[in-house]
Amino acid sequence: MNFPVGIVGVGKCVPNTIVTNQDLVAGGLDTTDEWIVSRTGIRERRIADAETRTSHLAYGASQEAIKDAGIQPTDIDMVIVATSTPDYALFPSTACLLQDRLGLRTDIGAVDVSAACTGFNYALSMAEQYVATGACRYVLVVAGDVLSRHVDWTDRSICILFGDGAGACVVGRVPDGFGLIDSKLYSDGSYADILQVKPDGPSHIYMDGRAVFKVAVNAVVPAVEAILKKNGLVGSDVDLLVMHQANLRIIEATRERLGIPEDHVMKMIEIYGNTSAASIPMALCDAKQGGRLKRGSVVLLAGFGAGFTWGTTLLRWAY
Ligand code: COA
């Protein structure tokens, strides 16, 4: 069996606390709003309080996505959580916590996926297989992170970049001609050292920013070109490009290389910063709620992150 598979519901959840660039300066960080905006496009980010964990944000995003899909929690046949910041370092998984908190059935699988900022692309492509084969009717795919816990708030080259949040999608069967057209995952562990949390010492993100920038552009642009070419499309056919929101300049460089019109690109980095795996589903949710996704829209998702991992997904919006 090979059922057509698509996203049938979206949701997101972010912490209430907004930290602006000015707040960072006022807090004593040696930076300026102008530097951060010109280098990254970020103006503010949401930061979780001490009690808020990934599962709490994932819960809020999931509730919204299930409601948007018009189904009941008990209709979900599997839950996949993409996160680098699970509530528990080893186990239980964040997906299991979510299974319980949402009141999902117990005869379903619940699993976490670790692919850093590309986690949503990885989880979505796994969900696709379960729905396409008929093994599952609905899979809940959630991506959430609280990376603010893993930055050194005195390191101006890192702490300005990240924010917290979660995005969720319900993946299910869609009518013929809609839903996922193609997807491709990539990995290259030889770049493990340019973006990592070192196994020893403080649990802080280490990044060689310039190297990450270069690797990201060199990986993502050809991957996006490849999936378009393989499916007989060109940049101007894309109604909405949803890239991982890590740096506005990376988004712009990709958009320009592909000839995608400026108003066909989701840009949310300004208000959320880099929310890791959550950034793509959060952007999808805002796009849907903002009327930027219509039934039949051609949508291109492009993720990239530590590993190095990257991935592309092409879909025709189904609702
Ligand atoms: N405010 C002011 N100055 C800062 C600063 C800040 N927040 N952070 C760094 N600087 C300084 C550096 O100390 C350096 O000063 P120096 O020249 O006196 O040594 C200067 O700015 C340039 O630093 P550099 O790191 O070369 O800047 P950059 O132009 O590469 O921008 C990033 C830094 C992080 C914004 C950029 O490299 C980037 O976005 N990389 C990709 C990051 C990414 O996408 N990560 C997530 C992947 S999932």
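Reader: Where does the ligand sit relative to domain 1 and domain 2?
Author: In this predicted model, domain 1 (5-173) and domain 2 (179-316) both give residues to the shell around the ligand, so the ligand lies between them. The domain bounds come from an automatic or database assignment.

Reader: How many residues surround the ligand, and which are the closest?
Author: The shell holds 23 residues, and the closest are Thr31, Arg39, Arg156, Arg210 and Asn247.

Reader: What is the distance from the ligand to the side chain of Thr31?
Author: An N or O atom in the side chain of Thr31 is 2.6 Å from a nitrogen atom of the ligand, within the 3.5 Å limit for a polar contact between N or O atoms. A polar side-chain atom of Arg39 lies 2.7 Å from an oxygen atom of the ligand, and for Arg210 an N or O side-chain atom is 2.6 Å from a ligand oxygen.

Reader: And how much of the ligand does the protein cover?
Author: On its own the ligand has 970 Å² of accessible area, and the protein covers 75% of that, as computed by the Shrake-Rupley method with a 1.4 Å probe.

Reader: Which elements supply the shell around the ligand?
Author: Helix H2 (33-40), helix H6 (209-230), helix H7 (248-258) and strand E12 (298-305) each supply at least two residues of the shell, and H6 gives the largest share, four residues. These elements are DSSP runs, numbered from the N terminus, of at least four residues for helices and at least two for strands.

Reader: New topic: which residues touch the most other members of the largest nonpolar core?
Author: Met243, Leu300, Phe304 and Phe308 do, in a core of 46 residues. H6 supplies the largest share of this core, 12 residues, and domain 1 and domain 2 both give residues to the core, so the core lies between them. Such a core joins buried nonpolar residues through side-chain atoms within 4.5 Å, where buried means under 20% relative accessible area, exposed means over 50%, and partly exposed is in between.

Reader: What is the peptide bond from Gly307 to Phe308 like, cis or trans?
Author: That bond is cis, with omega near 0 degrees, and Phe308 lies in the loop between strand E12 and strand E13 (309-316). The bond from Phe91 to Pro92 is also cis, with omega near 5 degrees, and Pro92 lies in the loop between strand E4 (78-82) and helix H4 (94-102). For background, most peptide bonds are trans, and most residues other than glycine have a negative phi.

Reader: So what about the phi of Ala116 and of Ser276?
Author: Phi of Ala116 is positive, near 50 degrees, and this residue, in the loop between strand E5 (109-113) and helix H5 (119-132), counts as buried at 15% relative accessibility. Ser276 has a positive phi too, near 60 degrees, and in its loop between helix H8 (269-272) and helix H9 (279-289) Ser276 counts as buried at 1%.

Reader: How many residues of H9 are buried?
Author: Eight of its 11 residues are buried, which leaves H9 mostly covered; among them are Ser279, Met282 and Cys285. Gly291 follows H9 with a positive phi near 75 degrees.

Reader: What should I keep in mind about numbering and pLDDT?
Author: Residues are numbered from 1 along each chain as its sequence is written, and side-chain values use heavy atoms, with hydrogens and water left out. Local features need pLDDT of at least 70 and side-chain atom pairs count only at pLDDT 80 or more, whereas totals for chains, interfaces and linings use all residues.

How values were computed: Buried < 20%, exposed > 50% of the residue type's maximum accessible area, 1.4 Å probe, protein only. Near = heavy atom within 4 Å. Polar contact = N/O pair within 3.5 Å; in protein donor to acceptor, adjacent residues only side chain to side chain.
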